[in-house]
Amino acid sequence: MTGRTTFKAGEICWADLQTKDVPAAKTFYAAVFGWRYENLPTPDGRSYSKAFLGDDLVTVIAPQNPQQEASGTPAQWNIYFAAADAGAIVEETPHAGGAVEFGPEEVGDTGIMVFLAPPGGGTTGVWQPGTHTGAARYNEPGALAWAELLTPEPQAAVAFFQQLFGHDVTEYPQDDGGTYTTLMVDSAEVAGIAALPADDADDADEEDEAEFWGAEPEYPAGNGDKAEPDEHALQTGWQVYFGVSSVADAVAAAVAAGAIVLIEPEGDPDDEDAGSVATLQDPQGGVFSVLEV
């Protein structure tokens, strides 16, 4: 088990889901990952749910804001980079070639939240911790295990994150002639950045959505309708991976609970260290991947 109590600036510390149907999402993800929940009220009379593995907080399932709900925006997983000073990140963002979409917003005493768009798109959360530091588990079954940004401008996106967080990088040449880049903090890989295939880049709709942590800020609203599965598999934005002990079992549980398989389980049979991966769409349209850990 990889427990976490603190995160360094530039590490991914958190992921959460905004969805139009919180109770249905809770049932679905409990069937896939075994999460248990604690419900807490929102200021508008609704509720959001903290998801736990044992006693460890791993994520939140929260309601969409009214604008997202009215527009039919699909559910969306969001990721957050830890930051020591969210205000300084906001000030530096335009100089790095990006845009501030939301914040900084104090979310009670839990922390300060910001949403940014790097060059090429892909809404990215930034979290300056207060009482909430991030996920208590990482890279194990039922917990966040990886995240990667698909973007039509990968080089610009890499430079953007390097300027904001000081990431080192490792580049992996790909068979198609492109490069898969990992962002690094203290020699550890924390996230990936990959080029969105040209055909998908032409058609992708960026969905700007945010987490809901017991406050009612004006979250950036997405503009996409629920797409067919093959349209949703590759879009500009962050792809979230959760660990599982068996991809085949996780996919079977997800399908039984109403998921659509976007990318069938795959892995390199010649690489003992390469875990199988599959990408799924939950019944409310949220896209996530599972990775054997």
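The accessible surface of the protein comes to about 12300 Å². Carbon and sulfur atoms hold 46% of that surface. Accessible areas here come from the Shrake-Rupley method with a 1.4 Å probe, and for residues only the protein chains shown count as cover. This is a predicted model, in which local features need pLDDT of at least 70 and side-chain atom pairs count only at pLDDT 80 or more, while totals for chains, interfaces and linings use all residues. Residues are numbered from 1 along each chain as its sequence is written, and side-chain values use heavy atoms, with hydrogens and water left out.

Now the inside. The protein has 293 residues, and 53% of them are buried. Buried means under 20% relative accessible area, exposed means over 50%, and partly exposed lies in between (1.4 Å probe, protein chains only). Contacts tell a related story. Take those with a separation of 6 or more: residues 24 or more positions apart account for 65% of them. A contact means heavy atoms within 4.5 Å.

The largest nonpolar core has 66 residues. Such a core is a set of buried Ala, Val, Leu, Ile, Met, Phe, Trp, Tyr and Cys residues joined through side-chain atoms within 4.5 Å. Tyr29, Trp35 and Val290 have the most contacts inside this core. Which residues does Tyr29 touch, not counting residues up to four places away in sequence? Among them are Leu17, Trp35, Ile61, Trp77 and Phe288. Gly34, Tyr37, Asp282 and Gly286 are also on the list. Another core, of 16 residues, lies apart from the largest one. Phe7, Phe52, Tyr80 and Trp127 are among its members.

Next, the secondary structure. It comes to 7 helices and 18 strands. Helices (H or I, at least four residues) and strands (E, at least two) are DSSP runs, numbered from the N terminus. Eight strands form an open sheet with mixed pairing, in the order S12-S13-S14-S11-S15-S18-S17-S16. Two strands pair if DSSP finds at least two bridges between them. Strand S12 (168-173) and strand S16 (260-266) stand at the edges. Each has a single partner strand, so one side of each is left without a neighbour in the sheet. Neighbouring strands of this sheet are turned by 25° against each other on average, direction ignored.

Ala278 has Val290 in S18 as its bridge partner. Val290 is also one of the residues with the most contacts inside the largest core.

Helix H1 (residues 22-33) lies across strand S15 (237-244) and S18, at about 15° to S18. Axes are lines fitted to C-alpha atoms, for helices over the stretch in contact, and angles run from 0 to 180 degrees between N-to-C directions. Helix H4 (residues 154-165) packs on the sheet, where it touches strand S11 (144-151), S12, S13, S14 and S15. The direction of H4 makes about 150° with that of S14.

Charged side chains come next. Side chains of opposite charge can pair when their charged atoms come close. The structure holds 5 salt bridges. A salt bridge is a side-chain nitrogen of Lys or Arg within 4 Å of a carboxyl oxygen of Asp or Glu. One of them joins Lys8 and Asp186, at 2.8 Å from N to O. This pair links distant parts of the chain, 178 residues apart. Lys8 sits in the loop between strand S1 (2-3) and strand S2 (12-19). Asp186 sits in the loop between strand S13 (179-185) and strand S14 (188-195). Lys8 counts as partly exposed because its relative accessibility is 45%. Asp186, at 56%, counts as exposed.

Are Glu140 and Arg137 buried or exposed? Both are buried, and their side chains meet in a salt bridge at 3.1 Å, N to O. Salt bridges that share partners also join Arg36, Glu38 and Asp55 into one network. Within it, the closest N and O atoms of Glu38 and Arg36 are 3.5 Å apart. Glu38 is partly exposed at 38%, and Arg36 is partly exposed at 34%.

Finally, the backbone. Asp186 has a positive phi of about 50° although it is not a glycine. Ser187 is found in the loop between S13 and S14, and its phi is near 70°. Ser187 counts as exposed, at 66% relative accessibility. The peptide bond from Gly103 to Pro104 is cis, with omega near 5°. Pro104 lies in strand S7 (residues 99-107).
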